[in-house]
Amino acid sequence: MGALRNILAWFSVPVICMFALPLYIFRPFNPDNNRLLAIALARVGRAILGMKRPVEGAELMPRDRPVVAIANHQYNDDLFVMGDLVPPRTVTVGKSSLIWLPFFGQVFWLGGNVMLNRARSRKSIAAMQATSDAITRDNKSLWVFVEGTRSKGRGLQKFKKGAFYAAVTAGVPIVMVCNGEYRKKTLGWWGKREPVTIRILPPVETTGLTTKDVPALIERCHKAMAEATSAL
């Protein structure tokens, strides 16, 4: 039964994106399109999965200024777990190959999100720098799965540096969004589904920091997120 629910939840993604595509075409590269779509995808997905998702510290996510939100990445199902937590005017980061996914890839590109080619690191760095400029110039926020790859519940992995450089360069706070290992709670074949709790940690201000402070900033955030995720 759990596997069937998961299939249906993922089937809903291209369907919802198909209906969202006209909005993206009508107002392309508007970052608020991303938030509306993420809310729809997450809430429909959780309804199909029968997933409860309480949030601790929701009031700590700023809504009146740009932020760089960093989250740990376990499975593709993180879309359903955390999608509706993105702040207003948010863009995110994804692989350039996503553009070939039917409907989802097209709305992802039209949302003005950052498309990274991991095989071309110089272009990836340039893209993150452009995102930092957009945070300041266009009042955008950035959402990043900071490990850069799925951990599949094996604990918090090493952090990529790009999000931290973007936050420091733009002078905006970092907000940490944490979830513990949840696959056995929500996606098993049988049994009662347990709630998946998300914990949002207090913003870490970056005003006055320079790129020399990035390593210490990464270490601080990694420690805080490791403690939070292990406690969930």
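Select F103 to begin: with a relative accessible area of 30%, F103 is partly exposed (buried means under 20%, exposed over 50%, partly exposed in between, using a 1.4 Å probe and protein chains only). You'll find F103 in the loop between β3 and α4 (104–110); helices here are DSSP runs of H or I with at least four residues, strands are E runs with at least two, and both are numbered from the N terminus. Check the backbone while you're there: phi of F103 is near 70°, a positive value in a residue other than glycine.

Before moving on, a word on what you have open. This is a predicted model, where local features need pLDDT of at least 70 and side-chain atom pairs count only at pLDDT 80 or more, while totals for chains, interfaces and linings use all residues. Residues are numbered from 1 along each chain as its sequence is written, and side-chain values use heavy atoms, with hydrogens and water left out.

**Next stop: R89**

Select R89, in the loop between α3 (78–82) and β3 (90–95). Phi of R89 is near 55°, again positive in a residue other than glycine. R89 has a relative accessible area of 25%, so it counts as partly exposed. What does R89 touch, leaving aside its neighbours within four places in sequence? Show P31, D32, D138, N139, K140 and S141, which are in contact with R89 (contact means heavy atoms within 4.5 Å). Now zoom in on N139: its backbone oxygen lies 3.3 Å from a polar atom of the R89 side chain.

**Into helix α1**

Go to S12, in helix α1 (residues 2–26). Is S12 buried or exposed? Its relative accessibility is 9%, so S12 counts as buried. A polar atom of the S12 side chain lies 2.5 Å from the backbone oxygen of A9. Beyond its neighbours within four places in sequence, S12 is in contact with V44 and I48.

**Along helix α6**

Select residues 162–170 for helix α6, where A163, F164, A166, A167, V168 and A170 are buried. Then click on G171, which follows α6 and has a positive phi, near 70°.

**Zoom out**

Colour the whole chain by secondary structure and you get eight helices and seven strands. The radius of gyration is 17 Å, close to the 17 Å that the globule rule gives for 232 residues, so the chain is as compact as a globular protein of that length (the radius is taken over C-alpha atoms, and the rule is 2.2 Å times the number of residues to the power 0.38). Along its principal axes, the C-alpha trace spans about 50 × 45 × 35 Å. Buried residues make up 46% of the 232.

Notes: Polar contact = N/O pair within 3.5 Å; in protein donor to acceptor, adjacent residues only side chain to side chain.
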